[in-house]
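Please read the points below with the sequence and the model open beside you. They go through selected helices, helix pairs and loop positions in turn.

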Amino acid sequence: MPGEYEHNKLGQEYNQIYGTILREERKKRMISREELASGILSRTALENLESGKSGWRKLTGDTLLQRMGVATDYFEMVASADELDRWRMREDICLLTPTRPEETEMKIAEYREKYHMREALEEQFLQKAELWLLLKRDCGEGIQGSLNVERLLEKAEKVVSCTVTGDWKMRLNQLWLSPAELEAVLLSGAARAACGRVSEAWELQRAVGDYPGEHLWKERMAVLILPQTSLLGIELALKEKDDRLAYEMGRDAVELLRRNCCHCYLLPLLDLMKRIPGTELGKEEQEYLKQMDMFRDAFEGIYTQFGRSGFRIWQGISVENTREAGLVLKMLRKFAGKSRAKAVYDGEEPVITQRQLEKIEKGAHKPSYDNYQRLVRQYGKAGGWRSAILETDSVEVLELRQQVATLVGLCEWKKAEWALERLRGRVDISFPRVKQEFLFFDALMIQRNEGDLEKCLERLVEALYTTVPNLEGKDKKWWVFQREEIIIAVNIADVCRKSGKLKEAKDWYEIIGFSLEQQEGRTGIKHTGYEIFVEGYDNFLGDLGRFEDAAAASETAARDYLGQPQIGSLARAFYRIAWNLYEMVSGQKRQCEMRRRLWENAFRFSQVAALFCYDRFLLQFLEERQDKFLGGVFDF
């Protein structure tokens, strides 16, 4: 751990870690404040963010980190109701744009009317959607027809220049841009291609394609832009009848998505790959294209069944780790059993009035940065949640922690233990969230290696209460569970279930479920940790013989997963659906025949999703149960 912060300061003011990481990453890359902030905020504003003197809006903060190639899902934070309402409206535009242009235009106009004061990044988002509509309308039948070249190129320039200054076409690799801003450059390339300026389109496509590598982005960041880059590249290659180039770009993009369990722009990519003739490709490459056809048909079926569109655009940021400030204050107040009259005090001094707190809790007002910190401190929630998963200002440490979590999720236990020991040598175990993390992983290892459920449960409870205050006498369901707390609490419930303590398990699942449900209010997005909650709750319902309820819960979860960029949990959700449907009619011949098609489809969807995400452990698990659910071999 760097020695810049004293232990107690780290423990009390998590928010400063966020600014510290931003500053240290900027310095490591030798970026000036002017360069990093260019186009989105002032140098002074960035300086205040880095020092922890001020908070920032989520869109700005995430973009600053992404400009340096730092994945933002390492952090949890709170945002105002206004910020989350804007995100939700932008998400609606994302869903409407590809297929409902008139409604998209109305929603864009509504956004501008409702939010007269907009960040440059917001305006860029709106203009990208407008350019997308122009391209679709003017170029739907080729360059001929109603194409207005001057209008299209002018719009393309405006989209990029919302946040990018100077001669960006000649020096793109010298600028610090986020995936969303690079997407604006790609749209500018698409506009040039539509106007017959193909060589310029290729130049921009290649510049964006090279950008992540030149800036040393990890795949978890590159996946936010390279699939879109390939979409434009494949279109250009197909027009030039370069089948091999089209194939290679499509393959690289799809494999990037598969390695990262991401489905953003998957269906459009697979649609384009279906257009590759393949006559000049080798046998192995032709087989690969056949597998892509299988994926295309399967995912189209999945999207249709669960009411999701495979043809949509995606925002540059997500909100799975973001909570609304007013709701957090309301939930914590109810957790502590306090009236508003008592909750407004910080010690003996009132922070705000009761009326102000009421408006903040309803989302009508936004608390100041300092006032929010003072209000939450009384509940044991330090700072503004601008906090990394671990108390560290090292992105490398956060990446190593993510590697451990991924290996555990894939049941690669030996590799996980090795990575965990590496992590142990890079952090200070005395910091609360670091201590919590190691207690949690220790509990998992006890359960796996020793099978001692009681010892495992004791370790899990110890881990949880590292950051959670004493719950005795409190209304537990109002506690605002954070990511690690959710995961640990679900594991507590699961160990209680396995130990036969069903009442305790039920209580924990109800507490966690209520907290999660409250927090998704403004966005409709489930928070990180929801996946493990649903899986554990499904098992609990199965133990009670409530298979229909369990199947319904997993179906809802699958629909939710499809609304998120990552689909690593999708295959397991499909398997749980198949298992519950099968068990529901076990021994009932007539019901069995009526529901057979449902569980067979769910099982096949599980196989497809597991194959897509290279989940070898699950694929082997499914292969061993294939005869039970399909009554024969399902050949991909």
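1. Buried here means under 20% relative accessible area, exposed means over 50%, and partly exposed is in between, with a 1.4 Å probe and protein chains only. Helices (H or I, at least four residues) and strands (E, at least two) are DSSP runs, numbered from the N terminus. This is a predicted model, in which local features need pLDDT of at least 70 and side-chain atom pairs count only at pLDDT 80 or more, while totals for chains, interfaces and linings use all residues. Residues are numbered from 1 along each chain as its sequence is written, and side-chain values use heavy atoms, with hydrogens and water left out.

2. Helix 21 covers residues 395-409, and its 15 residues reach 21 Å from the first C-alpha to the last, close to the 21 Å expected at 1.5 Å a residue; the expected span is 1.5 Å times one less than the number of residues. The buried residues of this helix are Val395, Val397, Leu398, Leu400, Arg401, Gln402, Val404, Leu407 and Val408. After helix 21 comes Cys411, with a positive phi near 60°.

3. How are helix 15 and helix 16 oriented to each other? Helix 15 (residues 266-274) packs against helix 16 (residues 283-305) at an angle of about 140°, their axes lying 9 Å apart, and the two are therefore oblique to each other. Axes are lines fitted to C-alpha atoms, for helices over the stretch in contact, and angles run from 0 to 180 degrees between N-to-C directions; those under 35 degrees count as roughly parallel, over 145 as roughly antiparallel, 65 to 115 as roughly perpendicular and the rest as oblique.

4. On the helix 15 side of this contact (heavy atoms within 4.5 Å), Leu266, Leu267, Leu270, Asp271, Met273 and Lys274 meet residues of helix 16 that include Tyr288, Leu289, Met292, Phe295 and Arg296. By class, the contact of helix 15 with helix 16 has ten nonpolar, no polar and five charged residues, where Ala, Val, Leu, Ile, Met, Phe, Trp, Tyr, Cys and Pro count as nonpolar, Asp, Glu, Lys and Arg as charged, and the others, Gly among them, as polar.

5. Helix 25 (residues 483-498) and helix 27 (residues 530-543) pack at about 15°, with their axes 9 Å apart, which makes helix 25 roughly parallel to helix 27. Ile487, Val490, Asn491 and Arg497 in helix 25 are in contact with Ile532, Phe533, Asn539, Phe540 and Asp543 in helix 27. The residues of this contact divide into five nonpolar, two polar and two charged.

6. Not counting residues up to four places away in sequence, Ser230 touches Met249, Ala253 and Leu269.

7. Met30 sits in the loop between helix 2 (15-28) and helix 3 (33-37) and is exposed, with a relative accessible area of 73%. Lys241 sits in the loop between helix 13 and helix 14 (243-259) and is exposed, with 69%.

8. Thr165, in the loop between helix 9 (149-161) and helix 10 (179-194), is partly exposed, with a relative accessible area of 45%. Leaving aside neighbours within four places in sequence, Thr165 is in contact with Ser38 and Arg171.
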